Amino acid sequence: MPDTQALVNDFLNKLKKRKIEGSQATAKQTAELLRSVISQTRVPYTNQAAALIQSVKAVGERLIAANPVELAVGNVVRRVLHIIREEDLSLTAAAMAGVNLSAVSDDEDDADGDNQPVLSAAAIAAASRSTLRPPSLQTLLEDVPDFAAVPHTSSSGGDSEGKSKSADKSSRSRKLKHDVIEAVNELIQDISTCHEQIAEQAVEHIHQNEVILTLGSSRTVLEFLCAAKEKKRSFRVFVAEGAPRYQGHLLAKELVMRGLPTTLITDSAVFAMISRVNMVIVGAHAVMANGGVIAPVGLNMVALAAQKHAVPFVVLAGIHKLCPLYPHHPEVLLNELRSPSELLDFGEFSDCLDFGSGIGAPLLHVVNPTFDYVPPKLVSLFITDTGGHNPSYMYRLIADYYSADDLVLQRRATSGN
Amino acid sequence: MDPRRTARTVSDPKVRQVGFFTPAAPPDRSASDLPRQQDPIQPKSPSSTQVNDHSTSGDSLSPVMIPPPHHHSDTVPRTALQVTSPKTAVSCSSRTVTVPTKNDGVPSSFSPGRKIVTVKSPSSYPGVKASTVPASELTTVSMVNLPSGISEKAGGASVEVQNDRPVSSKTLKEKTYKAERRALQEAQRAAKAAAKAEGTKASTAASKVMTSANTKPSKAAKTSSQKNDSSQVAASEKKIGERAPEKDRKKDAPHPRMQYDDTSRVEKAKKRAVVKQTEVRNRVELFRHLPQYEHGTQLPDLETKFFELDPMHPAVYEVGLQYLSGDIRGGNARCIAMFQAFKEAIKDYSTPPEKTLIRDLTARISSYVSFLIECRPLSVSMGNAIKFLKNRIAKLPLALSEPEAKATLTSDIDRFINEKIIIAEKVIVKHAVTKIRDGDVLLTYGASSAVEMILLHAHELGKQFRVVVVDSRPKLEGQLLLRRLVRKGLSCTYTHVNAVSCIMQEVTRAFLGASSVLSNGTVYSRVGTACVAMVAHAFRVPVLVCCEAYKFHERVQLDSICFNELGNPDAISRVHGREDISDLDGLVNRENLQLLNLVYDATPSDYVSMIITDYGMIPPTSVPVIVREYRTPVVLVSDSS
């Protein structure tokens, strides 16, 4: 336990100091951390899932609080919680099936096992419905009572099992943890391979002689473009440098090294150049539930320009960037102001920054935000590792990857900040 | 040419709704010289002529037409050999009306709305000088038109073109002037007869003129024109020599600019060039039509050449170097610097023997201008200013002695600077300040001198507001503005262009400067202005563009690519003050990498709520009207000299 604590604290520090760059790295590290947390959590015999959920939540809340703007942390925490719930459910289902079988076989031995299988069978049915079926209006209406009952039955199933087969207990508890860790490993795998999966779709979107504009740097975009290049598509890329970090220079360098004709432009020239561009392809920081995008600063401008010239605005986003939150006042609440020194040299402006006279309020403010919010209406297409999606479809993807219970966590976490 | 004209006339009624000023000169006959001399003599009340002008310019308004026969009854008899087409006659009337706008702009006179009209009152135009000149001019005109009669096929055709054009474009006007035309044709016929008698010697010279005049448009289309001003010069020279009205009309369409992907032209231009320029290795494919030269190499080269450049005046040379090094920037500053240098040059100028001042000085100025172009492409404002100056030179009365002519020109230049730039800015400030209220958050982009003056003036008036200065690489002009504003005690927020959509929520007005406003309402300005205007538009923030009227131009442009200026590409790869960003250090010469440093961009007129100019506050749709209004006075002022 203490070593996980140390790990958590270490990671918290990194998050607070913004030392981790990029949502992919953050997501991966978060998942790895949570994996070790899970593996270190001592699970009681009863209600193991709840215990796991609790410990993950406790860590997750702290992580989210450390950097509320890095939505990937929250996303991964929620994904892990979802995984635990799912694994628990499927395990219960399997166990119930086993219990059912055993109930049939040895109902003589078990006196009170009579009503239990019936009950849990219904619960399993409800649970499987709720997990396997998409949350349509009908299922929502049907499931409300059952859904709440699921954790209960699962624990009672555990109880019954515990009662009936004590030898099974340890193996089962190990099994849940094992399954969860397996699933988290899969998640980590997914996160680290999302680039390739997105890049695979490149040829479907980039044709010969296309002119593509991008802003700043994103590894996803780089691999996407390179994948198309490897497939012998020849096209031209305009890279806007992406002030104040000027990562566009980096991207341009990478592209040039790989032999793509690249033109580096200033951000202010985006509007001038966009009329000659066939497609805008950018990365995202996070994708919100309404299909809006939290993206590196400047992209809202690009998106507006693209809309003006009817140029498709394509956002590449790994599925770990999918955030089940709805953006409320995202320009402020989901933004982060960086150091003014990136824009103004303190030395040069020190004479202006000195204000002995007047009302005392500084005359000079420097605003250097990190993110932009691009509303869903400006986005033409999302390309995720599961394929292309419309902005209006995002809520549905979210329902696939997150369970509704975990929204509470986020709300608490965000309100805590 | 003609479609353009019709477009203008279409915009006419709109203008009138806006309550814009009354005297609408027909757009295209600005430059005709001949009739100018006659009109001052015509007795007419300004108001009546104004009405006429409107009717002539707006085809659609037939009922308004008031045929102005009395003008012509005046004019035609006066000049025995009246060869001018009715068009020119019209132009004279219109011109007289507009003359006074130019009249030494008393600052007070520039106030919004009708002011112009009031200014006009001092229009009592001196017809004194005019009377002296016409004799010589008339003869030249007759010479030009004679050949048209002689070389029956070519010349006759040209005459027809000359006469037909007005018919097609302005049928209504034509009707009204039918009488005059008939008279004119008579006159022409008479002229032909006379010419026949005169014989061949005139025909050779004149036919040359004619062919040049006729082929001009096709040549322009085919070879995409040679260096802008050189052709302009040629035209103006011709004009000086021959005073042919049809040439002026042709000149109305803006010259096609030098296209740098035309190798033969570029070669030619290079031979003439003073500044040694080497092509950038990785030219941006999309901008082949623009000059893309190696930056940083010209300056030392030029400096070494200082003593070899004989014909270049040192003042001009100095300004050129300043352009090259970027010490002088901003449309107004560059324009003023150029004019000051020209003034010096004119002061030191003396006509070489066996040359006329008008021709030689024009050529001299043209060579200066092409030198300046080599240092940095002209801004639109400078182009307009040069056009003005050349016009003035061309219109110098021949009788004027050299010192007198020089004095006139220098005073003209001073007046231009004073009226069109300094006072215009003051007027703009006066207008714009009314749009600033307490509690406003004003956004500006880059560093526009007009906007700066507005902000400072509003601050002086005690208005409580905050300024958001948006800036962008590579010039970071906003920092200079920011520094000046903060020094004056304005509360400022500084950010970069990418963050504009974050900051736009709190902004209540966006004040933008402009390098030029084109006649389709497009605002041609520092690159990034379009982005800012677009975001402001998206956030429903009014966009006010501040631009002096002398920067308006009749060209049209839809995107920022067809015409632009390319800055030093190296400025892109190196980020000022951020030495840590050096990703592109070793790559600049890679074949695949192109660095594009656009200097200007074109803001579509839909993003512009209002243009604040010295003629008042106008919607972008009214720009062509200003252009039209504005052009005539330039010619007219020339009369006043």
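Q: In chain B, how far apart are the centres of domain 2 and domain 3?
A: The centres of domain 2 of chain B and domain 3 of chain B, taken over C-alpha atoms, are separated by 27 Å. Keep in mind that this is a predicted model.

Q: How many residues does each of them put into the contact?
A: Domain 2 of chain B puts in 23 residues, and domain 3 of chain B puts in 24 residues.

Q: Which elements matter on the domain 2 side?
A: Those giving two or more residues to the side of domain 2 of chain B that touches domain 3 of chain B are α17 (331-347), α19 (380-394) and α20 of chain B.

Q: And what classes of residue are on that side?
A: Eleven nonpolar, ten polar and two charged residues make up the side of domain 2 of chain B that touches domain 3 of chain B.

Q: Where do the domains of chain B run, by residue number?
A: Domain 1 covers 2-215, domain 2 covers 263-424 and domain 3 covers 427-628, all in chain B.

Q: Back to α20(B). At what angle do α20(B) and α21(B) pack?
A: Helix α20 (residues 402-433) of chain B packs at an angle of about 55 degrees to helix α21 (residues 449-460) of chain B, and their axes are 9 Å apart. The two helices, α20(B) and α21(B), are therefore oblique to each other.

Q: Is that crossing left-handed or right-handed?
A: The crossing of α20(B) and α21(B) is right-handed.

Q: Which residues make the contact?
A: From α20(B) they are B:E425, B:I428, B:V429, B:A432 and B:V433, and from α21(B) they are B:A450, B:M453, B:I454, B:H457 and B:A458. By class, the contact of α20(B) with α21(B) has eight nonpolar residues, one polar and one charged.

Q: New topic: the two chains. How many residues come from each chain in the contact?
A: Chain B gives 52 residues and chain A gives 46 residues.

Q: Which element gives the most on the chain B side?
A: β3(B) does, with six residues on the side of chain B that touches chain A. Elements giving two or more residues to that side include α22 (477-487), β3 (491-496) and α24 (529-538) of chain B.

Q: What about classes there?
A: The side of chain B that touches chain A divides into 28 nonpolar, 16 polar and eight charged residues.

Q: How does β8 of chain A run relative to β3(B)?
A: Strand β8 (residues 364-366) of chain A and β3(B) run parallel, joined by three bridges. Opposite A:L364 stands B:C492 in β3(B).

Q: Now chain A on its own. What is the strand order in the open sheet of three strands?
A: The order is β5-β6-β9 (chain A), and the pairing is antiparallel. The edge strands are β5 (286-287) and β9 (371-374) of chain A.

Q: How many bridges link β5(A) and β6?
A: Two bridges link β5(A) to strand β6 (residues 293-296) of chain A. A:A286 has A:I294 in β6(A) as its bridge partner.

Q: What lies across β6 and β9?
A: Helix α12 (residues 299-308) of chain A lies across β6 and β9 of chain A, at about 35 degrees to β9(A).

Q: Last one: at what angle do α2 and α3 of chain A cross?
A: Helix α2 (residues 23-40) of chain A and helix α3 (residues 48-66) of chain A cross at roughly 145 degrees, their axes coming within 10 Å. The crossing of α2(A) and α3(A) is right-handed.

Definitions and conventions:
Residues are numbered from 1 along each chain as its sequence is written. Chains are lettered from A and ligands numbered from 1 in the order in which they are written. This is a predicted model: local features need pLDDT of at least 70, side-chain atom pairs count only at pLDDT 80 or more; totals for chains, interfaces and linings use all residues. Axes are lines fitted to C-alpha atoms, for helices over the stretch in contact, and angles run from 0 to 180 degrees between N-to-C directions. Helices (H or I, at least four residues) and strands (E, at least two) are DSSP runs, numbered from the N terminus. Angles under 35 degrees count as roughly parallel, over 145 as roughly antiparallel, 65 to 115 as roughly perpendicular and the rest as oblique. A crossing is left-handed if the near helix is turned anticlockwise from the far one by less than a right angle, and right-handed if clockwise. Two residues are in contact if their C-beta atoms, placed from the backbone, lie within 7 Å. Ala, Val, Leu, Ile, Met, Phe, Trp, Tyr, Cys and Pro count as nonpolar, Asp, Glu, Lys and Arg as charged, and the others, Gly among them, as polar. Two strands pair if DSSP finds at least two bridges between them. Domain bounds come from an automatic or database domain assignment.
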